[in-house]
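Hi,

Here is the structure I promised to pass on.

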Amino acid sequence: MSDALPPDLVRPRYGAATLADVLPGVATALGVAVERDGLPADPLDLTSALAGARRVAVLLVDGLGADLIRAHADLAPTLAALRSPVGDLEAPCPSTTPVSLTSFGTGLPPGSHGVLGFVTAVPGEDRLLNHTQWKDDPDPDAWQARSTVFEQADAAGVAVTSVGPYAFAASGLTRAAYRGADYAPSVSPGDLAAVTVRALAAMPRALVYAYIPELDLTGHVRGVDSPSWRGQLAIVDRVVEQMVAGLPDDAVLLVTADHGMVDVPAGTRLDVDEQPDLTDGVRLLAGEPRARYVHALPGAATDLLARWRAVLGDRAWVVGRDEAIASGVFGPVDDAVVDRIGDVVALARGSWAMTASTREPGPSRLAAYHGSLTATELAVPLLAARGRALG
C-alpha cells in the first residue's frame, strides 16, 4: 500500500471503522455468520453494543455528515442526544452515494463490489453509467455480483426489509446494494418512519434498513449553510424522534449516513470544459466535481496525467490508475473492475471542485458537493437508541 495521499486527505480504514463495517456487525449481532472476503465480521463490536436486541433498524440519512450534526446540534436535538457506540466512521472512496450505499449493503470496500463512482465508464463500451439513473443496463446482478449482507441475513432466517422512496424500488442501485431485502416503499419522511417501525415490530427477529434522500438533495441545490438545509435537518430530526418513540422494547435504532458535504464557492471552481489542457486526449470524463475519473484516448494517458497534474497543482490529488489502486483508497481492487477507474484519478482538496459546464451543465451549477477524502466528507455518524427493555 502506498502512502502517496497528501496530509489533508484520509484513506478509509476498511475493515476497521467505515460505513461498510456497520451492517456486517448488525447481522453478526443478530446471529448471522457474515462472510466479507476475510475482513472481520464485527470490527465495531456491535455485538456488544446491541446486546439483547432481537430487532435492529438502521436509518441512513443521505448527506448527514458527522461534522454537520455537530455544527447544527441546536436544530437536531434528538440526534444530538443520541450516543455513539463507536464514534465517527468513514465513508468509502469516492465519498458519494452509490459507492457508500453499495459498501453499506455488501459490507465490502468499493474495489471489491465494483460500484466505484457516481458516474463510471462501462468497460469495452464508449459510454458512462450514472448509478443514480441506472435501471437494468448493465444487469445489476452482473455489475455488482457480490453477495449482500441482506442476502446473508435472509438466508439465516432474519426478516429483512428495506424502506425507501417508491421511485427507487426498481432501480439498478437498489438491486445491487440491497438485494435480499424486501423493499417497502414510502411516500414521505413521516411515512418512512411509520413503515420502518411497523416492519421492525412485525417479526420476532428483524433487520430493517431505511433511507432518507432529501437532506443531500437540499444541500446540493441550496448549500449546507442555507436556511433550506437547516429546515430539512429539523425534519430529519423529527423522523428520528418518531422512530425512537415507536421502537419495540427489544429493538435498537442505529442512525448513520453515507458522506458529509462541503459548500463550494465560485472562487474554488475549475471548469474542466474551459481548459483545453484538461480535455485534449479525453475519451470519457466520469466521476463528479470532487472526484474525477478521466479516461484517455488510446496512447494519451501518460500525457493527460501530466497535464492534469500541471493544471490542477495543489487543488487536487492527481494520480494514475495504478497509483490510486496502490494507495489503498478503494480497498483491494478486483481485476474485473479495474477498468471502471479512470486512467487519471483526481480527488479535490480544500473546497475545490472540477466542474464541467458543457458536459454536465446541471451538476456544475450546484452549491455543494462531496466525493473526495477530506475529513468533513468522510466522517459519518453512528448513533444509537435502545428500546426500553434494553436499558
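To start with a detail: which residue forms a salt bridge with Glu151? The partner is Arg179, and the closest N and O atoms are 3.6 Å apart. (A salt bridge here is a side-chain nitrogen of Lys or Arg within 4 Å of a carboxyl oxygen of Asp or Glu.) Glu151 sits in helix H8 (residues 149-155) and Arg179 in the loop between helix H9 (172-178) and strand E6 (182-186), so the pair ties together parts that are 28 residues apart in sequence. Searching the whole structure turns up 23 salt bridges.

Before you dig in, two notes on the basis. This is a predicted model, where local features need pLDDT of at least 70 and side-chain atom pairs count only at pLDDT 80 or more, while totals for chains, interfaces and linings use all residues. Residues are numbered from 1 along each chain as its sequence is written, and side-chain values use heavy atoms, with hydrogens and water left out.

Now the overall picture. The chain has 16 helices and 18 strands (DSSP runs numbered from the N terminus, helices being H or I with at least four residues and strands E with at least two). Its radius of gyration, taken over C-alpha atoms, is 20 Å, close to the 21 Å that the globule rule (2.2 Å times the number of residues to the power 0.38) gives for 391 residues, so the chain is as compact as a globular protein of that length. Along the principal axes, the C-alpha atoms fill a box of roughly 65 × 45 × 35 Å.

There are two domains to look at: domain 1 (19-263 + 375-386) and domain 2 (266-368), with bounds from an automatic or database domain assignment. Their C-alpha centres lie 27 Å apart. The contact (heavy atoms within 4.5 Å) takes 32 residues from domain 1 and 25 residues from domain 2.

About 2200 Å² is buried between domain 1 and domain 2, and carbon and sulfur atoms give 59% of that. Buried area means the accessible area (1.4 Å probe) that the two parts lose on being put together, summed over both. In domain 1, Cys93, Leu116 and His220 lose the most area to domain 2, together 23% of what that side buries.

The rule finds 3 salt bridges across this interface. Elsewhere on my list is the salt bridge in which the side chains of Arg290 and Glu377 meet, at 2.7 Å, N to O.

Cheers
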